[in-house]
Amino acid sequence: MGIDEENARRFRARELAARAASSGDETGWFETLYAEAEAGRSVVPWADGDANPHLREWAERGRVNGAGQRALVVGCGLGYDAEFLAGLGYAVTAFDVAPTAIERAIRENPGTSVGYLTADLLDLPAAWAGSFDLVFEAYTVQPLFGPVRGRALAALSVPVAPGGTLLVIGRATNEADPARDPAMMPWPMTRAEIDQAGGPLRAVRVEQCLDDEDPPKLRWRAQFRRD
């Protein structure tokens, strides 16, 4: 996807994100976008029909087998990553703040073993604390602007069980304090933000990689462990 096509696909999402940045509607705009897409009035630019390629590469490199383990997918959208992890043997719980996204994920994956539900990263169920062997987050923090971004990053490590893994994937920047135009979501993540996502967990591997977009985008893939 070229830059012009990307900008066209992201136009409505950027409009909603910019409005949220100025109005204090921190996460409600996701439901608006999914509902409009369901009605055929806009598109969800990150709903590309397949599991994240950097997740796939991580799983292949580590020969990951999730049998007997629990996984939590943060901001699951339409369920591509959740279904991929279920295929690796994990018992997967997947949540999104947008009810329409969850409804569509359930509808498009009949007979799935994934437990899809509506939940908010900023207010996770208390029972999830320290409960998952793998917590996976990709591209759900980078569309958040302002103080809510830090709160979301701080919440990611909470559901990780002792001995468990947090895997975070997102757009990357090597600038320490990048300028962020409220109208140009998504906003790449800094190394400090990646470290904040890990919180009290031990960093196992923090790397950068390029995707196959045109032009290629720089990504973080960061793995943390609760010892």
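Biologist: Which helices and strands each supply at least two residues of the lining of the largest pocket?

Modeller: They are helix H1 (3–23), helix H2 (29–38), H3, strand S1 (70–74), H4, strand S2 (91–96) and strand S4 (132–138), where helices (H or I, at least four residues) and strands (E, at least two) are DSSP runs numbered from the N terminus. This is a predicted model, in which local features need pLDDT of at least 70 and side-chain atom pairs count only at pLDDT 80 or more, while totals for chains, interfaces and linings use all residues. Residues are numbered from 1 along each chain as its sequence is written, and side-chain values use heavy atoms, leaving out hydrogens and water.

Biologist: What makes S4 stand out in the lining of the largest pocket?

Modeller: S4 gives the largest share of that lining, three residues. The pocket has a volume of about 910 Å³, and of its 46 lining residues the closest to the centre are Trp 46, Ala 47, Ala 138, Tyr 139 and Thr 140.

Biologist: Why is H3 called roughly parallel to H4?

Modeller: The axes of H3 (residues 53–62) and H4 (residues 80–87) come within 11 Å and cross at roughly 15 degrees; angles under 35 degrees count as roughly parallel, and therefore H3 is roughly parallel to H4.

Biologist: How do you know that H3 meets H4, and through which residues?

Modeller: Contact means heavy atoms within 4.5 Å, and Leu 55, Arg 56 and Ala 59 in H3 meet Asp 81, Phe 84 and Leu 85 in H4. The residues of this contact divide into four nonpolar, no polar and two charged.

Note on methods
Axes are lines fitted to C-alpha atoms, for helices over the stretch in contact, and angles run from 0 to 180 degrees between N-to-C directions. Angles under 35 degrees count as roughly parallel, over 145 as roughly antiparallel, 65 to 115 as roughly perpendicular and the rest as oblique. Ala, Val, Leu, Ile, Met, Phe, Trp, Tyr, Cys and Pro count as nonpolar, Asp, Glu, Lys and Arg as charged, and the others, Gly among them, as polar. On a 1 Å grid over the protein atoms alone, a cavity is a set of points where a 1.4 Å probe fits but cannot get out, and a pocket is an open set with protein on both sides within 12 Å along at least five of seven lines; lining residues have an atom within 4 Å of a point. Grid points are joined across faces, edges and corners, and a volume is the space filled by probe spheres set on the points.
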